[in-house]
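Let's take a walk through this protein together. Have the picture handy and follow along.

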Amino acid sequence: MPKTKPPVLRLGELTPGQSGDFFALLAERTAAARKDGKPYFICKFQDALRQATLMVWSDGPWFAACQADWVEGTFYKLRAQYEEHPTYGPQLDLEAIRAVTDDDKSDGFDPLNFVPHSAFDVEAMYQELWMLAETMIQDVPLRRLVLTLLTRTAKKLKVLPASPRHFYPFAGGLLEHILSVTHSCMHLVDKYRAHYPDMDPPLNRDVVVAAAICHDLGRTVELEGEIVRVRKSVDGEFFGHIQLSRDLVRDAARDLGDVDPDLVRLLEHVVLTHLTLPEWGSPRLPLAPEVLILHHADDLDAKLEMYVRCLSKDTQSGNFTARDPVLGKSLYKGYRPKEPPAAEDASAE
């Protein structure tokens with residue numbers, strides 16, 4: 001009889017004394033030495049629910065592999081027993097370990113389960129953004145340009161944060177932010193086109209929608225590491241996401257060769273200046289009204305996400321949150337209507 005494959009469990013659901021197979025991220029691998037000089041490693045494995053420590057001693061079976069092969073930020077499949085030490089907390093006693101492979105997806109491995117991530121399904125968000133580009137951009141060559149960029153950046157767009165520590169700083173945050181900004185821009189451009197019917201030419205709806213989708217795609221070049229350890233790339237340090245977004249637009253337009261050059265130039269300007277001020281990172285001042293729509297939609301979306309996240313995670317008592325280190329201030333927790341007094345029971349008289 002062939003052996004039955006053991007079920008894959010979750011580290012965060014193991015109980016003390018339980019053994020099992022589970023996926024985990026090697027979050028830390030710290031080299032240390034005992035008083036007698038013998039080296040050892042402190043390894044911390046985690047999923048979204050729990051972090052547990054594996055002590056790797058120099059005279060143990062895993063020391064050579066840990067020293068030579070184990071890499072922080074890498075996902076592994078482990079077979080181990082889970083324990084909870086009264087002083088040192090969650091501990092692992094390792095039986096087997098290997099790096100995760102593509103075949104593990106059939107057992108439910110998903111790297112997004114090991115890091116903070118968007119509450120929305122990334123595939124559904126990507127398809128929605130694609131649909132908006134496909135149906136809301138009327139100029140066919142411009143539409144093809146935007147769809148080409150979505151195709152080229154799809155892999156990283158689905159997993160990167162919008163920023164490493166400020167707004168939407170979680171996996172899938174970049175896609176969530178771009179989709180939200182695009183919806184806001186569509187609403188605003190339609191509102192102001194109707195409000196200024198005599199404007200000639202009218203606000204360019206195609207460019208506003210295209211710029212909303214493209215304005216932060218440079219983050220896919222600026223940032224590297226994708227899910228676990230996101231950091232700036234060399235190009236990110238050299239040029240920043242605004243210039244890189246403009247470069248993506250320009251390169252794709254050159255490759256396709258059929259987009260109206262004046263339309264490409266306007267799109268580049270909106271992308272390049274959407275932060276509007278040099279102190280915010282804009283290399284030029286905005287010279288087209290379409291920039292204002294993108295700027296305010298983008299700024300509002302980023303700041304509101306930061307406010308909501310600060311309010312939702314706060315545990316401070318009182319009317320104000322603890323000081324948020326990124327916002328640099330505390331936030332008011334909001335007005336709550338007082339409960340009306342309970343009606344007196346007339347039957348008690």
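## Strands side by side

Start with Lys77, which stands opposite Arg98 in strand β6. Keep in mind that this is a predicted model. Strand β5 (residues 75-85) and β6 (residues 89-99) pair in the antiparallel sense, with ten bridges, and a hairpin of three residues joins β5 to β6.

β5 also pairs with strand β2 (residues 19-33), again in the antiparallel sense, over seven bridges. Here Asp21 has Arg79 in β5 as its bridge partner.

## Rings meeting rings

The model has 13 aromatic pairs. Take Tyr40 and Trp57: their ring centres are 5.0 Å apart and their planes sit at 40°, so this pair counts as tilted. It links distant parts of the chain, as Tyr40 is in strand β3 (residues 39-46) and Trp57 is in strand β4 (residues 51-57), 17 residues apart. Is Tyr40 buried or exposed? Its relative accessibility is 16%, so it counts as buried. Trp57, at 37%, is partly exposed.

Trp70 and Tyr76 make another tilted pair, 6.5 Å from centre to centre with 50° between the planes. Trp70 is buried at 6% relative accessible area, and Tyr76 is buried at 5%. Look also for the aromatic cluster of Phe23, Phe75 and Phe109.

## Charges over rings

Lys158 lies over the face of Tyr126, 4.6 Å from the ring centre. Lys191 does this with Tyr192, at 5.2 Å.

## A pocket to find

The second largest pocket holds about 470 Å³ of space. Its lining has 20 residues, with Phe167, Leu275, Asp299, Ala302 and Lys303 nearest the centre. Helix α9 (residues 289-313) gives the largest share, seven residues. By class, the lining has eight nonpolar, six polar and six charged residues.

Definitions and conventions:
Residues numbered from 1 in each chain as written. Predicted model: local features only at pLDDT ≥ 70, side-chain atom pairs only at ≥ 80, totals over all residues. Heavy atoms only, no water. 1 Å grid on protein atoms, 1.4 Å probe; cavity = no way out; pocket = protein on both sides within 12 Å on 5 of 7 lines; lining within 4 Å. Points joined across faces, edges and corners; volume = space filled by probe spheres on them. Helix = DSSP H or I, 4+ residues; strand = E, 2+ residues; numbered from the N terminus. Nonpolar A, V, L, I, M, F, W, Y, C, P; charged D, E, K, R; others polar. Pairing = 2+ DSSP bridges. Phe/Tyr/Trp six-rings, centres within 6.5 Å; stacked < 30°, edge-to-face > 60°. Buried < 20%, exposed > 50% of the residue type's maximum accessible area, 1.4 Å probe, protein only. Lys NZ or Arg CZ within 6 Å of the ring centre and 35° of its normal.
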